[in-house]
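Open the model in your viewer and keep the selection panel at hand.

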Amino acid sequence: MTTTVLLVLDLVGAFAFALNGALTALRATRLDIVGVVTLGMITALGGGTIRDVFLDALPPATFLDWRYLAVAAGGGLIAFFAWTHLERINGTINVLDAAGLSLFAVTGALKAVDLGFGPAQAVIVGAITGVGGGTLRDVLVRQVPSVLSSGLYAVPALVGATAVVVADLLDIRTAVTTVGAAALCFAIRMVGVHFDVHAPFPPGTRRPEEQ
Amino acid sequence: MTTTVLLVLDLVGAFAFALNGALTALRATRLDIVGVVTLGMITALGGGTIRDVFLDALPPATFLDWRYLAVAAGGGLIAFFAWTHLERINGTINVLDAAGLSLFAVTGALKAVDLGFGPAQAVIVGAITGVGGGTLRDVLVRQVPSVLSSGLYAVPALVGATAVVVADLLDIRTAVTTVGAAALCFAIRMVGVHFDVHAPFPPGTRRPEEQ
Amino acid sequence: MTTTVLLVLDLVGAFAFALNGALTALRATRLDIVGVVTLGMITALGGGTIRDVFLDALPPATFLDWRYLAVAAGGGLIAFFAWTHLERINGTINVLDAAGLSLFAVTGALKAVDLGFGPAQAVIVGAITGVGGGTLRDVLVRQVPSVLSSGLYAVPALVGATAVVVADLLDIRTAVTTVGAAALCFAIRMVGVHFDVHAPFPPGTRRPEEQ
C-alpha cells in the first residue's frame, strides 16, 4: 500500500473531525466564526499532533504539511456556513465523529508500524490518535470526554487499530484491508451510538437508565 | 535584530501572562498562594512550551532557561501580594492578557523563522504561542477559552505574527518593526475588548445581545 | 542506586495513580469499565509522559515500555472490580494520590538528573511529573485540579524532588534516601489532607471556612 492511501485517509479523517468539531462548537455554546473554525481545527489536528509527540515524529505532520491545515480550516468553514443544512440530517455529528475516529485509529497505527514501533505500541498509538482530537474538543467545551463516558468509543478504536496491525503482520496490508479495518471500527461505534450499548458498569451498581 | 531583543520581549510577555494568570486565579476561584502562583506560571510558560513542542525545540526553553521560571514565579508572587491594588486599575487583567498575547505571537513566529520554518508555519506557531498559555489557564479554571469565545483573540495573534513574518521576508526585521507588530496585535485585541467586537456569528442566528 | 530501584518506584507510583484515577472515575461520574480503566491509565501515565516531553526523552517510556501499560491497565481493572471494598477503607483515594505524587516526584527528578539536567530543572520536572497525571485526571472529570486548589500538593512534590536532588549532589543517593524523600513528600501531603492545611490566602481575604 502506498503512502498516498494513508495520506488520503488521514486527510479525510481530519476533514470529518473538522466538520464535527465545528458543529459541536455551534451546538455547545454560542461562538463566532473564529471560535467555530478554531474548535474544528483543534478537533481535526489534535489527534495527529498527540500521535506525533508519542512517535517522536516532531515537528508534527499536522503542522508542517499545509494540506492538513487547509483541510481542517476548510471543514470548519463549511460547517459554519452550512450548519443549518448539516443539522437537518439526523445524526450527522455522530457519523462524522465515528468517521474521524475510525480513520485516525488505522492511520495512526500504520504510521507507528511504518516508523518501526512494535504491534502493541502501534495499537495503543492508533487508539490515542483516534480519540485524541475529540477529547481535546470535549475538554474545551467543558463536556465529559466521549472516551470516558462511552464504552464503545475507545473499544472500536482499539479494534480498528488491531485489525490493521494484524493485517500488516500477516503481510496482507492493502488499501482494501485498511479501509475494511476503518469500516469495522466505524460499524462498532455506530452500533454503540444507535443502541446505546455500554461496556459493563461497576459491580454493585445499575445502569443509569435502570435507576 | 539581536537575539537579546527577542529574549527580552519573550520575558516581558511571560511576566504579563504570569500577572494575568495569577489575577485570574484570584478572581475565578478561592486559591491559596501556591495555587495562584502555579496558575500564573502555567499561563506564563504554557504557550512557549507548546511552541517548542511544535518546533521540535525540546527540551523547552521555558523550562531550561531559569530566567523564564524566575519571571513567571515573580509575576505570580507580585500579583498575589498586590492584587487589591492591581484590581483597582480598570481592565488590568485584559491589558495584561493582550500584552502577553501580542508579545508571544511575534516572538513565537520569529523563533519559527529563525529555526528555518516556512512563513505559513511561522504564522501558525506564532498564533499558537500567543493563545496557548491563556487556553491552558481557562481550561484549568473551567472557563470556555478566550480563543473560542472571542473572535478577536486568535485574529490579532495571526495579524501580529503575519506582520513580523512579512517584515522578515522584506528584510526589514528590526526591533522597531517587531515591537510595532506586537503593538498592532495589542491594539486590535484591545479594540475588540473595548467595543465587544465579534467576528461574524453563524448565518440564521443573532448575536447573543440582540436576542 | 541501580536503575531497577527507580523503575520499581516508578511502576508502584503508576499503580497507585491507576487505582486512584479509576476510583475518581467511579465517584465523580457514572462511567462503564472502559471509561474507568481509561481514566486510571491517563492518571497513571500522564505525569511520566509530560516528564518525557520536558526531558526530550521521546518516545515516552510510559508508552514504549509494556510494563507501564500493564501496571496502569491492571490498576484500573482492580479498582473497577474491587471498588466497593476499596471505598470502605477510609481515605483510600487520598492515600493513593499522595503515594503516586511522592513516587513520581522523586523518580521524575532523578530521571532528569540522570539525563544531565541541572538541579533546578530536575526539581521542577520532578514536581511536574508528580502533579501531571492528577491534573489531567481532574480536567477530564471537570474538577478544579488539586495542584491549584490545594496548597500542600505542589509543595510536598517540590520538597521530595529537592531532597533526592540534594542527596544526589551530596553523593548519598541510595535506595534508602530515595524512598526516604518519597516518604517525606507523602507525610507532608497527608498532614495537609488530614488537617486541611493551606498555604497563605491572599492578603485582605479570609480563609473560605471563616466567612
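Start in chain A with H2(A) and H6(A), whose crossing is right-handed. This is a predicted model.

**Stop 1: the helix pair.** Select residues 33-54 of chain A for helix H2, then residues 119-140 of chain A for helix H6. The two pack at an angle of about 140°, and their axes are 7 Å apart. H2(A) and H6(A) are therefore oblique to each other.

Now show the side chains at the contact. On H2(A), pick A:Leu39, A:Ile42, A:Thr43, A:Ala44, A:Gly46, A:Gly47, A:Gly48, A:Ile50, A:Arg51 and A:Phe54. On H6(A), pick A:Val125, A:Ile128, A:Thr129, A:Gly130, A:Gly132, A:Gly133, A:Gly134, A:Leu136, A:Arg137 and A:Leu140. Color by class: this contact has 9 nonpolar, 9 polar and 2 charged residues.

**Stop 2: chain B against chain A.** Here 25 residues of chain B are in contact with 27 residues of chain A. On the chain B side, select helices H2 (33-54), H6 (119-140), H7 (146-149) and H8 (151-169), each of which gives two or more residues. H6(B) supplies the largest share, 4 residues. By class, the chain B side holds 18 nonpolar, 5 polar and 2 charged residues.

**Stop 3: chain C against chain A.** Which elements of chain C give two or more residues to the side that touches chain A? First the count: 27 residues of chain C are in contact with 25 residues of chain A. The elements to select in chain C are helices H1 (3-28), H2 (33-54), H3 (61-64), H4 (66-88) and H6 (119-140). Color this side too: 20 residues are nonpolar, 4 polar and 3 charged.

Technical notes:
Residues are numbered from 1 along each chain as its sequence is written. Chains are lettered from A and ligands numbered from 1 in the order in which they are written. This is a predicted model: local features need pLDDT of at least 70, side-chain atom pairs count only at pLDDT 80 or more; totals for chains, interfaces and linings use all residues. Two residues are in contact if their C-beta atoms, placed from the backbone, lie within 7 Å. Ala, Val, Leu, Ile, Met, Phe, Trp, Tyr, Cys and Pro count as nonpolar, Asp, Glu, Lys and Arg as charged, and the others, Gly among them, as polar. Axes are lines fitted to C-alpha atoms, for helices over the stretch in contact, and angles run from 0 to 180 degrees between N-to-C directions. Angles under 35 degrees count as roughly parallel, over 145 as roughly antiparallel, 65 to 115 as roughly perpendicular and the rest as oblique. A crossing is left-handed if the near helix is turned anticlockwise from the far one by less than a right angle, and right-handed if clockwise.
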